[in-house]
Amino acid sequence: MKYVPRVILFLTIPALLFALPWWTLVGAPTDGPSTLFWLGTAVFVVGYLTLPAAMLLGHGPSQSDVGSIVGDTLLGIAWVVFSWSAIGTVAGWLLGAAGVDEYARIVAVGVAAISAVLTVWGIVEARRVPRVRTVSVEIPDLGAGLDGLRMVVVTDTHYAALNRRRWSERVVETVNAQHPDIACHAGDLADGSVAARHRQVDPLAGVVAPYGRYYITGNHEYFGDAQGWIDHMTGLGWQPLRNRHEVVTRGGDRLVMAGIDDPTGTILPGHGPDLDAALTGADPTLPVILLAHQPKQVKQSAAAGVALQISGHTHGGQIWPFHYLVRLDQPVVAGLSRHGERTQLYTSRGTGFWGPQLRVFAPSEITVLVLRRPQSQD
């Protein structure tokens with residue numbers, strides 16, 4: 001009986017996702033029971049039954065890659081059609097109030113066309129090599145020798161059921177083309193075991209960054225084999241920053257490069273974020289750059305006087321308008337923001353995608369953060 005509420009929720013969410021689009025595309029524009037009505041209804045019923053079955057197959061005990069690809073893709077498409085059906089419903093009310101004839105059919109055609117275009121575009125956006133986004137960040141007390149230091153950030157690669165080894169190789173090529181001084185992976189490396197996904201991850205060994213390659217865990221590592229991925233990234237030459245820091249020296253000047261675990265890590269003994277431990281022994285006069293997977297961890301960072309926190313996790317919402325829901329949980333969805341008197345937060349939209357292989361109005365990114373010394377210090 002304890003699983004009954006979960007089963008109800010598992011079946012209710014797909015029902016909601018399919019019910020409104022069914023009404024918008026089939027129920028409202030058709031003249032009662034007809035061939036078109038029954039064909040459209042059959043399509044939605046099959047979709048409704050397929051979604052939870054494929055999600056259970058892909059993300060349940062069997063961990064079927066085929067089930068995952070089918071379920072995740074169908075979920076993304078359903079979200080797009082649901083979102084635009086909601087917009088279409090409002091548009092239909094306005095058209096009806098204005099006395100427009102056949103407004104239900106006009107809305108149905110519009111929703112179907114927009115959803116089809118955005119779905120195709122979203123798949124192309126998700127699977128492309130991310131665009132490079134370069135952002136200059138002024139860091140108080142940054143030494144002159146560190147001015148212009150280039151930190152290249154990838155995050156939320158989510159290597160999973162869809163084999164993206166070639167994509168991974170091209171990401172590495174793009175990262176190296178930015179001539180990074182420091183390379184960072186801010187978590188959510190892969191979904192699945194090291195044995196199943198390592199071939200997609202292994203190209204990261206080719207990243208060249210003379211002042212260090214640093215990696216932290218995201219929440220998805222803790223849904224699988226977190227310690228296995230930590231060990232594997234160590235074997236690829238990346239330094240996991242698990243509640244610890246390193247001191248980076250360039251041109252005679254220094255900064256602290258620190259990292260903390262994702263909050264989800266508390267499910268494993270010895271894991272979980274500990275900023276105090278990460279900064280233990282660090283020179284308090286040096287600027288601190290902190291890798292922390294979730295933007296909401298910035299509250300502790302600001303209290304500790306961290307100069308810059310680098311995060312991912314949000315995917316920028318990934319599929320519009322999901323970013324409105326993300327904003328309920330996180331203080332920032334994407335970009336550079338300021339918190340407290342001296343702490344800045346950069347939130348990446350992520351390099352890959354999770355689940356649905358779609359990105360709609362939330363393009364992926366490889367980020368180049370160029371650290372700058374404030375002009376007032378020169």
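## Arg105 and its partner

Arg105 counts as partly exposed because its relative accessibility is 37%, where partly exposed denotes the range between buried (under 20% relative accessible area) and exposed (over 50%), computed with a 1.4 Å probe on protein chains only. Arg105 forms a salt bridge with Glu102, and the closest N and O atoms of the pair are 3.5 Å apart; a salt bridge here requires a side-chain nitrogen of Lys or Arg within 4 Å of a carboxyl oxygen of Asp or Glu.

This is a predicted model, in which local features need pLDDT of at least 70 and side-chain atom pairs count only at pLDDT 80 or more, while totals for chains, interfaces and linings use all residues. Residues are numbered from 1 along each chain as its sequence is written, and side-chain values use heavy atoms, with hydrogens and water left out.

## Other salt bridges

The structure holds 14 salt bridges. In one of them, the side chains of Asp283 and Arg254 meet at 3.3 Å, N to O; this pair links distant parts of the chain, with Asp283 in the loop between α8 (275-279) and β8 (288-291) and Arg254 in strand β7 (residues 253-259), 29 residues apart. Helices (H or I, at least four residues) and strands (E, at least two) are DSSP runs, numbered from the N terminus. Asp283 counts as partly exposed because its relative accessibility is 28%, and Arg254 counts as partly exposed at 37%.

Glu365 and Arg349 also meet in a salt bridge, at 3.5 Å from N to O. Glu365 lies in strand β12 (residues 365-372) and Arg349 in the loop between β11 (343-347) and β12, so the pair ties together parts that are 16 residues apart in sequence. Both Glu365 and Arg349 are buried. A network of salt bridges links Arg165, Arg166, Glu169 and Glu173.

## Helix α2

Helix α2 (residues 35-59) has 25 residues and should span 36 Å at 1.5 Å a residue, which agrees with the 36 Å between its end C-alpha atoms; the expected span is 1.5 Å times one less than the number of residues. The buried residues of α2 include Phe37, Thr41, Phe44, Leu51 and Met55.

## The open sheet and its hairpin

An open sheet is formed by 6 strands in the order β6-β7-β8-β9-β11-β10, with mixed pairing, two strands being paired if DSSP finds at least two bridges between them. Its edge strands, β6 (244-250) and β10 (335-339), each pair on one side only. Neighbouring strands of this sheet are turned by 20 degrees against each other on average, direction ignored, with axes fitted as lines to C-alpha atoms.

Strands β6 and β7 run antiparallel and are joined by 7 bridges. They form a hairpin with 2 residues between them, and Gly251 in the turn has a positive phi of about 60 degrees. Val247 stands opposite Val256 in β7, and Arg250 stands opposite Asp253 in β7.

## Nonpolar cores

A nonpolar core is a set of buried Ala, Val, Leu, Ile, Met, Phe, Trp, Tyr and Cys residues joined through side-chain atoms within 4.5 Å. Of the 25 residues in the largest such core, Leu189, Val201, Leu204, Met233 and Trp238 touch the most other members. At least two residues of this core are supplied by each of β2 (150-154), α5 (165-177), α6 (194-201), α7 (226-235) and β12, and the largest share, 4 residues, comes from α5.

Not counting residues up to four places away in sequence, Leu189 touches several residues, among them Tyr159, Val201, Leu204, Trp229 and Met233, contact meaning heavy atoms within 4.5 Å. A second, separate core of 24 residues includes Val153, Ile182, Leu291 and Leu308.

Notes
Axes fitted to C-alpha atoms, helices over the stretch in contact; angles between N-to-C directions.
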